[in-house]
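Subject: Handover of a structure for your review

Dear colleague,

Please find below the sequence and structure that I am handing over to you. My notes on what was found follow directly after.

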Number of protein chains: 2
Amino acid sequence: MATFREIGEFGFIERIGAAALPPAVGVCCGIGDDCAVLACENDRVRLITSDLMVEGVHFAVEGSNPGWLGHKLLAVSLSDIAAMGGEPREAVVSLAIPPDFDVGFMERVYKGLRGLASRFGVNVVGGDTTRSTGPLVMNLTLTGEMDQDRVCYRSGAARGDLIYASGTLGDSSAGLKLALGQAVGLSEEDREFLLRRHHRPEPRVALGRALAASGTVTAMLDLSDGMASDLRHICRQSGVSAVIDGTAIPVSPAFRRFREHSDACTRNLEITGGEDYELLFTVAPGGRDDVEALASEPGISCIGRIVSGDERIYIENAQGLRSELEARGFEHF
Amino acid sequence: MATFREIGEFGFIERIGAAALPPAVGVCCGIGDDCAVLACENDRVRLITSDLMVEGVHFAVEGSNPGWLGHKLLAVSLSDIAAMGGEPREAVVSLAIPPDFDVGFMERVYKGLRGLASRFGVNVVGGDTTRSTGPLVMNLTLTGEMDQDRVCYRSGAARGDLIYASGTLGDSSAGLKLALGQAVGLSEEDREFLLRRHHRPEPRVALGRALAASGTVTAMLDLSDGMASDLRHICRQSGVSAVIDGTAIPVSPAFRRFREHSDACTRNLEITGGEDYELLFTVAPGGRDDVEALASEPGISCIGRIVSGDERIYIENAQGLRSELEARGFEHF
């Protein structure tokens, strides 16, 4: 008997993906990207994505800010829509709730969710509410829409393309370490910044749309499992390798101070840490000026380039020494 | 502090519904019907519905048929699409799985899900897979499509309308009692029939579409919480009352024999028992012949009529004596 602990999330997706129905009329992309992509009228496509959050795995109830939980539940799906370059539309929310759970807490979760929803014009149109015999479980399914010829898949990266990341990386996993009680000599301001980056990620919807509209992006996804792990998806699905400039990975001042005060095993969080919810994308060399002209908030950084090869990721240090990056990142089991 | 045990599913929906965003452009119907209904191009609407199944609440893993679990996970959402009169389209599936769970079991769940999906032309296009710290949790979101002017809401029933149910009622809850070990002197054939009706419901998609296309249906929903509880939704949302003919409620021969062998508290399962996944709908008196002409498999039965009044449900026995039906049915907490 194989268990999920042994095969992991991606092993399971491979197994069920292998038994998938043959490519069906109207399905531009099924399992294997940030969203499923479905053809509709007038050369438009619909996007659909689903994210599950489980108490004790993705969040704690005790001591948490319920409004931030609701915000994050929607933000992670908005980030998937952003990663295709789409416009978000409607959300449905399913909740499995322990019977003695505080109703007021869940109302505040909804308030946080609705606050973010209204900023992005998302309508929360229904769902399902039931009892849980265990943890609080929340699932959100989000739809989106966009022009078919602008969809940014993971599979279009080619040799010579430049690799970009938005914002700064590693903040969220540093924030998680702080939330789990890791004592680090940081100012209250730095702590707040990193915790907020973990608990209240800002989905890059406007940037994703602008990048898709620019027509210069060859591949894109959102950083949810850690840059090393997510870049590997682009490499596998595009059949290429990547070289990262270790000195070019964008990090925040707060993260830099966190790193200085931390032990060795947290030194690479900007590469291996999950839940950044920034965009990682590739651009053909000729598109460099166009892309760098359109990016404003949160800013983008060129962190490397695509090379030919068999789906490996190399990192170069300040001395130009190249080493291969192990496949790592957040493992869901 | 109010708990979910105290306020229940519908109490919570009222609370979050009250704080809903103002009716938004393109949302024909949000929370409060079997599906959300969203306007799209060419006078078409998209439907979306979500259903959550929690181990220990909706099913047991031990001793269960995994293929049937997958079938049921999709069937309950297909039944919601059927209740609007729509055509099903795509599904996304989210799973929270204990780490030591058997992968082969989940593959068989998917096989059952895909078997039903292929019968109804549903594409399973993605989802999310994560770890659970407690029970196995499965969520399925299903989309559908139909003409905007054919959507069957819960709110259109009017005085004088006839009330119909499809198929037979009570089989599923009798099957649940058998599954939970209730000893009843039934033939193996009857046991199998009732267990199958519980574990492997057949969604009434073709009937729902034919009813919607006929243009005679004034209100419709699917029977998931028990006829008494579900009919009350139609009465509340239409502002009417209902009189049920207790002798006209359709029951199967197997259910009749189950009832004869059972104790008093299981006598009214055809009225109070949940998970029938049959359709309950109302028809203006002039539409009677049209509706009865189109219904083939699974057959429909006229079980009562809509009267004016303040959202009460009465039941008449064989002697014509009328008594008011208490609000009862499946309570999710």
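In which loop of chain B does Y277(B) lie? Y277(B) is placed in the loop between α9 and β10 of chain B; helices (H or I, at least four residues) and strands (E, at least two) are DSSP runs, numbered from the N terminus.

Before I continue, some conventions. The model is predicted, so that local features need pLDDT of at least 70 and side-chain atom pairs count only at pLDDT 80 or more, while totals for chains, interfaces and linings use all residues. Residues are numbered from 1 along each chain as its sequence is written, chains are lettered from A and ligands numbered from 1 in the order in which they are written, and side-chain values use heavy atoms, with hydrogens and water left out.

Y277(B) has a positive phi of about 50° although it is not a glycine. Most residues other than glycine have a negative phi. Y277(B) is also buried, with a relative accessible area of 9%; buried means under 20% relative accessible area, exposed over 50%, and partly exposed in between (1.4 Å probe, protein chains only). E275(B) lies in the loop between α9 and β10 (279-283) of chain B as well. The phi of E275(B) is near 65°, again a positive value in a residue other than glycine.

The two copies

A rotation of 180° with 0.0 Å of shift along its axis superposes chain B on chain A, with an RMSD of 0.0 Å. Copies are superposed by least squares on the C-alpha atoms of residues with pLDDT of at least 70 in both. The two copies are therefore related as by a two-fold rotation axis. In chain B, the C-alpha nearest this axis belongs to G134(B), at 2.5 Å from it. The same surface serves both copies, as 100% of the contact residues of chain B recur in chain A; contact means heavy atoms within 4.5 Å.

Chain A as a whole

Chain A has 10 helices and 13 strands. With 333 residues, a compact globule would have a radius of gyration near 20 Å, and the 20 Å of chain A agrees with this. That radius is taken over C-alpha atoms, and the globule rule is 2.2 Å times the number of residues to the power 0.38. Along its principal axes, the C-alpha trace of chain A spans about 55 × 55 × 50 Å. Of the 333 residues of chain A, 57% count as buried. Among contacts in chain A between residues at least 6 apart in sequence, 82% join residues at least 24 apart.

E107(A) lies in helix α3 (residues 103-119) and is partly exposed, with a relative accessible area of 28%. The C-alpha atoms of E107(A) and G67(A) are separated by 8.7 Å, although the two are 40 residues apart along the chain.

Helix α4 of chain B

In helix α4 (residues 171-179) of chain B, the buried residues are D171(B), S172(B), S173(B), A174(B), G175(B) and L178(B). The buried residues of α4(B) pack against α5 (188-199), α8 (253-260) and α9 (269-272) of chain B. G181(B), whose phi is positive, near 100°, follows α4(B).

Three further residues of chain B

T266(B) lies in the loop between α8 and α9 and counts as buried at 2% relative accessibility. Leaving aside neighbours within four places in sequence, T266(B) is in contact with K177(B), Q182(B) and F258(B). T266(B) and E62(B), 204 residues apart in sequence, are 25 Å apart in space, C-alpha to C-alpha.

L69(B) has its place in helix α2 (residues 66-84) and is buried, with a relative accessible area of 7%. Beyond neighbours within four places in sequence, the contacts of L69(B) include M53(B), F59(B), F105(B) and M138(B).

C28(B) is found in strand β1 (residues 27-29) and, at 31% relative accessibility, counts as partly exposed. Not counting residues up to four places away in sequence, C28(B) touches V37(B), L38(B), A39(B), V45(B), Q148(B) and Y153(B). The C-alpha atoms of C28(B) and V45(B), 17 residues apart along the chain, are separated by 8.4 Å.

Yours sincerely
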